[in-house]
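Hi,

Here is the structure I promised to pass on to you.

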Amino acid sequence: MVTTEIIRLTVASSLPLSSSIFTRGYLLFSYLEQMQEDVRKDFLPLVSKTWWFMTWLTRTFGILLLLVAFLIIVGLPVVMSDKLVIFVIVAILYYPALAFGLYRFFLYQRRIRKRIVRKIEVDDKGIHYERADGTIDKILYNNLEKYSFSDEYDVSISPRHKTYILKVNDNGSVVEVDFNGMDAGYRTYIGNLRALRRRYIQGIVHFRPDLRINPLVYDVYYINPVDFTFDHKKFWSEFGKVFAIMILFCLVLGTIMIGLVKWLF
């Protein structure tokens with residue numbers, strides 16, 4: 001199909017200027033449109049996959065942690081009260097407040113569970129978040145906009161809880177494209193978040209080449225900008241450096257502790 005369009009452009013170039021300007025423009029537009037269609041056909045959708053081991057591991061530890069915390073909170077007046085009269089007075093004030101707090105907690109959990117992301121899909125249109133209440137949130141490539149400042153990247157990252165979140169300009173609003181275990185501990189733990197993130201960034205490069213991507217995006221996510229694969233070599237190199245620093249820190253701390261014990265005893 002692309003070869004056919006090239007032949008048509010060649011034929012159009014041999015026509016007289018007065019009769020071929022419109023034809024050349026039309027054929028050029030058709031050629032570019034065909035190229036875009038070919039890219040979209042090759043850009044297959046990627047859907048999130050459940051990592052059941054981590055799902056059940058997170059659920060189990062989460063339930064155990066909540067159970068231990070509940071027992072500690074319930075038994076706190078018993079531990080703090082050495083006399084029955086004091087326990088009765090504390091219990092009259094403490095347990096109703098605890099019941100009200102648990103009621104508010106369950107209402108909060110019920111509300112946020114409706115917004116839990118159940119499935120993530122990245123295709124040639126953008127990224128789609130399917131939530132537990134049936135709604136679908138989208139961040140489409142066509143809606144991404146450029147910043148008006150020349151020294152600011154259109155696609156960048158922002159730090160959050162010692163991690164980096166992808167940041168884009170969606171219809172004039174700065175939004176964060178989250179790929180950090182959105183549903184972990186509730187229903188499913190998404191196991192291919194890195195692949196989904198790489199595919200979305202690849203889609204930005206393919207379908208929105210006019211947007212400027214911060215080079216740090218490729219560095220912090222260990223993405224090869226050529227073929228958008230995971231850069232294992234760089235990842236393990238950085239991991240080895242961090243691990244060596246941790247070992248050195250532990251050795252220094254252990255030496256200091258041993259010296260302190262010998263000095264004290």
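Below is what I found, going from the whole chain down to single residues.

First, a word of caution: this is a predicted model. Residue numbers start from 1 along the chain as the sequence is written.

**The overall picture**

The protein chain has seven helices and seven strands. If you walk along the sequence, they come in the pattern α-α-β-α-α-β-β-β-β-β-β-α-α-α. The chain has 265 residues, and 27% of them count as buried. Now take the contacts between residues at least 6 apart in sequence: 54% of these join residues that are at least 24 apart.

**The four-stranded sheet**

Start with the open sheet made of four strands, which are ordered β1-β2-β3-β4 and paired antiparallel. Which strands stand at the edges? They are β1 (46-47) and β4, and each has a single partner strand, so one side of each has no neighbour in the sheet. Helix α5 (residues 193-207) packs on this sheet and touches β1, β2, β3 and β4. The direction of α5 makes about 40° with that of β2.

You can go through the sheet pair by pair:

- β1 with β2: two bridges hold this antiparallel pair together, and L46 sits opposite V122 in β2.
- β2 (residues 117-122) with β3: this pair is also antiparallel, with five bridges. Here V122 is opposite I127 in β3, while V117 is opposite R131 in β3. A hairpin of three residues takes the chain from β2 to β3.
- β3 with β4 (residues 136-140): five bridges again join an antiparallel pair. Y129 has D137 of β4 as its bridge partner. These two strands form a hairpin too, with four residues between them. Click on G134 in that turn, as its phi is positive, at about 95°.

Is β3 mostly covered or mostly open? Strand β3 (residues 126-131) is mostly covered, with five of its six residues buried.

K119 lies in strand β2. Another pair to find is K119 and R131: they are twelve residues apart along the chain, and their C-alpha atoms are separated by 7.0 Å.

While you are looking at strands, here is a rule for your notebook. In a regular strand, side chains alternate between the two faces of the sheet.

**The three-stranded sheet**

There is also an open sheet of three strands, in the order β5-β6-β7, and its pairing is antiparallel as well. Its edge strands are β5 (156-160) and β7 (173-177), each of which pairs on one side only. On average, neighbouring strands in this sheet are turned by 40° against each other, if you ignore direction. Looking at β5 and β6 (residues 163-170), you will find five bridges between these antiparallel strands. For an example, pick I157, whose bridge partner in β6 is L166.

**Two helices side by side**

Last, turn to helix α3 (residues 52-80) and helix α4 (residues 84-113). Their axes come within 8 Å and cross at roughly 160°. Angles over 145 degrees count as roughly antiparallel, and α3 and α4 are therefore roughly antiparallel to each other. The crossing of α3 past α4 is right-handed.

Which residues make the contact? From α3 they are F70, I73, V74, L76, P77 and V78, and from α4 they are F87, V90, Y94, Y95, L98 and L102. Sorted by class, that gives twelve nonpolar residues, no polar ones and no charged ones.

Conventions. Predicted model: local features only at pLDDT ≥ 70, side-chain atom pairs only at ≥ 80, totals over all residues. Heavy atoms only, no water. Axes fitted to C-alpha atoms, helices over the stretch in contact; angles between N-to-C directions. Parallel < 35°, antiparallel > 145°, perpendicular 65-115°, else oblique. Left-handed = near helix turned anticlockwise from the far one by under 90°. Contact = heavy atoms within 4.5 Å. Nonpolar A, V, L, I, M, F, W, Y, C, P; charged D, E, K, R; others polar. Pairing = 2+ DSSP bridges. Buried < 20%, exposed > 50% of the residue type's maximum accessible area, 1.4 Å probe, protein only.
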